[in-house]
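Please look at the sequence and the structure shown here before reading on. The report that follows takes up salt bridges and then strand pairing.

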Amino acid sequence: MEALRQDDPRRFGAYTTLARSRESAVAVHFLARGADRDDLAVVTAARPALASVPAFRRRFRSEARTAERLAGGRVTQPDVSAEDDGLWTATAYVPAVTLSEAIGLAGPLPERAVRVLGAGLAETLARVHASGAVFQGLAPGTVLLAEDGPRLTAFGPLGAAAHAEAREGGQLSVRLGYLTPEQVEGEEAGPASDLFVLGLLLAYAATGTTPLADGPAEEAAGRIAHGTAELGSVPVELRGLIAGCLSKDPAGRPTAGAVAAELAPKSAADLAQGGWLPGALVAAVTDQAARVRALEPPAGSVDDEARVPPVEDRAPADAVPTGAVLPDSGPPGPTGPPGGDRDGDSGEDSRPTRFPGTGARPPRSDRATARLALPEVVTGAAPPHLPAAVPPSAPARPYAPQAFTAVPGAPAPLPPALPAAAPPAPRTGPVTGRRALLTTAAAGAAGLVLGASATAVLGSDESASAPADGKPAAEPRPALPGRAPEPRWMYARPATAPAPLTAGVWQDRLLVLTDTAGATAVDLGTGRKVWERADAAGAQGVLTAGAGLCFLATPAEFLWLSPKDGRIQHRVRFVDQFDGVPDMKVAPLTGQSGSVLWFTGSHTVTVKAPKPKKGKKRGKDTQVVKAYFFAYDVVRREEVWRVAVPAGRAPGTPAYRLIAVRDTDLVVRQDAGTLTPADVRAGRGKAVFRCFDRTTGRPLWNRQFGTVAPGGAAAGDQEGRLFGAVGDDLGAFETGSGKPLWTLDGTASSVFGTPVAAGALLHTTNRDQEVGAVERATGKLVWRRSTEVPIGDGSPALTLSGGGGTLLAADASQVTAFAAADGRRLWKFQDIGAPAPDGATVSAPYRVLAAGKTSVVVQRERAFYAFPVE
């Protein structure tokens with residue numbers, strides 16, 4: 001949700017606008033209040049460029065009249081603008097979640113809830129069909145689950161037009177829900193078409209998946225026309241009815257009235273008595289209603305002299321249409337499963353009608369003129385996927401992912417925590433635009449009902465209320481080519497809390513953040529804060545430790561925490577565990593493999609002056625730093641080995657960065673910031689790498705590779721290769737001998753960053769803002785792409801998704817996602833920026849953390865976003 005912009009209308013007829021809720025290529029949606037405080041509505045205002053097209057106006061009025069005629073029961077009554085009062089409709093705000101949000105929040109619905117849902121929808125379809133109309137807009141996003149039963153707010157092509165998207169080539173693609181077999185064959189949609197889609201929705205509600213319609217458009221269309229629906233996971237009592245609805249022959253499908261009677265012999269309302277929604281959904285709806293009703297109109301927002309100023313004619317930021325495709329042009333294009341389209345799913349109408357002259361106009365200011373007024377204290381948690389509500393007194397804070405940062409200059413945090421990288425240089429390109437937002441970063445599980453089925457959300461520094469069973473949210477896909485998918489959730493740290501020091505993933509279940517005040521765990525499936533522990537203040541590593549424990553290392557001790565509530569199960573103070581190293585100072589952790597953790601520590605000893613010769617004065621005692629490299633088993637909670645190593649720069653602890661872990665040994669490099677002046681002189685501008693035996697800790701060799709500098713990029717693989725930045729080039733070396741293997745040429749300004757090995761490929765990054773892949777064995781270039789970010793002083797930091805299909809490059813400007821195999825640019829993400837016009841500009845770099853096989857978390861400053869990936 002976003003504060004009103006300068007050019008936004010302050011009134012629509014009798015409605016006073018409170019906030020922007022969302023916008024599409026066709027319309028802008030506002031949350032508004034009528035004359036009565038409790039008279040809340042969602043106003044959908046058509047963009048002027050389309051509103052001026054006679055055909056669009058006619059279709060808009062026609063669909064609005066249909067909705068008025070059918071209003072009542074489970075159909076929302078619209079308030080339609082007068083002919084001279086712009087082109088908009090207002091529908092009553094109903095606290096509800098869409099079907100797709102409900103499945104993401106609570107998982108498949110119980111059988112009774114599916115019956116109530118199906119009966120309510122069938123009753124509505126029966127009324128629609130009796131009037132001679134066909135619905136055509138039935139979809140997981142147009143079905144609303146309210147406490148008193150299901151509701152529908154979108155009618156036919158007009159409802160879908162609210163979700164029209166700008167496509168490549170300047171056209172608008174209007175999505176009309178799922179295809180049916182007859183539409184695939186080019187026939188007109190009839191009442192039986194609505195029953196086919198109802199069957200798909202009931203199967204989705206009962207199982208969480210959509211039979212036949214999942215996947216790319218071409219494949220889905222083929223399955224819809226000729227495939228057999230797999231209904232094995234559908235409850236037996238519902239299987240026959242749903243199979244009948246999914247008959248290929250329209251004549252073989254039941255009528256809407258027959259479906260309603262079979263699911264609820266008396267009525268859907270009768271079956272819903274006593275409550276029909278799972279507890280997690282009831283809580284989300286209740287919480288949503290409280291937050292929405294707390295909204296107040298911005299001060300001075302009502303202007304009687306200009307009741308409906310033009311809604312800015314601007315499409316979403318990612319694309320600008322130059323024409324329109326409207327639904328009266330023919331059968332709708334296929335859409336993917338709930339949550340958005342899949343790669344390759346265009347969703348475009350097959351026979352488009354184009355309206356020229358509806359293109360973009362010069363951009364106008366989008367600076368907000370007011371903040372949203374929200375209560376100081378909101379009881380309960382915010383809805384999942386959403387940022388929580390910001391109290392009006394809270395200081396301006398950025399809604400931007402911060403980085404999965406370690407302590408500046410420290411070695412890389414451990415797997416599965418984020419590998420650290422040199423901080424990117426300050427951005428040289430444009431700074432992220434400022435908007436007064438509460439954000440629609442994720443269409444959350446407790447969204448506002450917006451006219452034709454759109455949703456937006458409110459949130460807070462706390463993340464949202466989570467599903468009771470902890471199931472993950474739905475997985476929306478990018479709506480536009482190059483546009484980031486909607487986040488599954490967003491979590492924002494309070495402005496009053498210290499900035500996170502590190503972040504890591506625990507068993508693909510928790511995102512664990514640490515700061516100087518303690519540690520915080522966030523559920524990776526929902527974005528809900530699970531616990532906070534002040535005991536873990538200053539902790540740096542986030543590791544799995546045996547059966548169900550989370551391991552953290554603080555400056556003075558090791559901690560083992562319960563992932564359920566954060567309670568400390570075990571603690572080992574360094575002074576008690578490591579004999580002979582009193583007052584040990586530990587550097588940032590080096591790395592981990594399995595249950596074994598590697599780190600460096602040091603302590604200061606006093607060396608007494610030798611006994612003086614007779615007649616001579618006794619010399620002064622000296623302080624000497626002794627340093628060690630340790631291996632520690634975090635499951636058995638015992639030291640494996642330690643080996644003495646040269647001390648580092650004062651205060652003396654050398655910090656080692658893990659370069660490679662092999663079956664029998666490991667390779668490390670000391671961070672340049674902890675090298676003593678003598679080490680620097682001895683290295684003569686080159687980095688020294690050290691190799692240790694994994695079993696005993698015995699040092700095996702110290703070696704330099706080419707001209708890899710002490711702070712230059714370097715990484716290794718299990719086959720015994722080391723890859724490092726050599727001047728402007730990237731070189732590969734054999735670690736056993738130091739022999740060069742191959743060189744990837746760069747340019748005079750490229751300067752390669754830390755590469756990432758994956759399978760047979762080595763993914764590369766350089767200061768020219770180029771990301772690529774080469775064959776690890778030969779250095780042969782496979783692909784290279786630009787992030788299209790202005791060239792700065794640093795290289796983007798690379799992260800490979802857990803599934804291996806997506807490579808993400810993060811810098812100070814954005815996160816860019818590429819297909820790891822061939823370098824196709826998938827999408828880009830930039831956060832919103834400051835939440836107020838006068839807020840401080842956010843300049844912290846982005847960081848990315850892999851979270852399981854299908855998710856990554858993007859952090860900037862205090863905000864975290866979870867994105868679906870391949």
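## Salt bridges

The side chains of D621 and R618 meet in a salt bridge, at 3.7 Å from N to O, where the term stands for a side-chain nitrogen of Lys or Arg within 4 Å of a carboxyl oxygen of Asp or Glu. D621 counts as partly exposed because its relative accessibility is 38%, and R618, at 47%, is likewise partly exposed; buried means under 20% relative accessible area, exposed over 50%, and partly exposed in between, with a 1.4 Å probe and protein chains only.

The structure holds 24 salt bridges. One of them joins D8 to R20, with the closest N and O atoms 2.7 Å apart, and this pair links distant parts of the chain, D8 lying in the segment before β1 (11–12) and R20 in strand β2 (residues 15–23). D8 is buried at a relative accessible area of 2%, and R20 is buried at 2% relative accessibility.

## Basis of the model

This is a predicted model, in which local features need pLDDT of at least 70 and side-chain atom pairs count only at pLDDT 80 or more, while totals for chains, interfaces and linings use all residues. Residues are numbered from 1 along each chain as its sequence is written, and side-chain values use heavy atoms, leaving out hydrogens and water.

## An open four-stranded sheet

Four strands form an open sheet in the order β35-β36-β37-β38, with antiparallel pairing; strands are DSSP runs (E, at least two residues) numbered from the N terminus, and two of them pair if DSSP finds at least two bridges between them. Strand β36 (residues 761–766) and strand β37 (residues 770–775) pair over six bridges, and T764 stands opposite G772 in β37.
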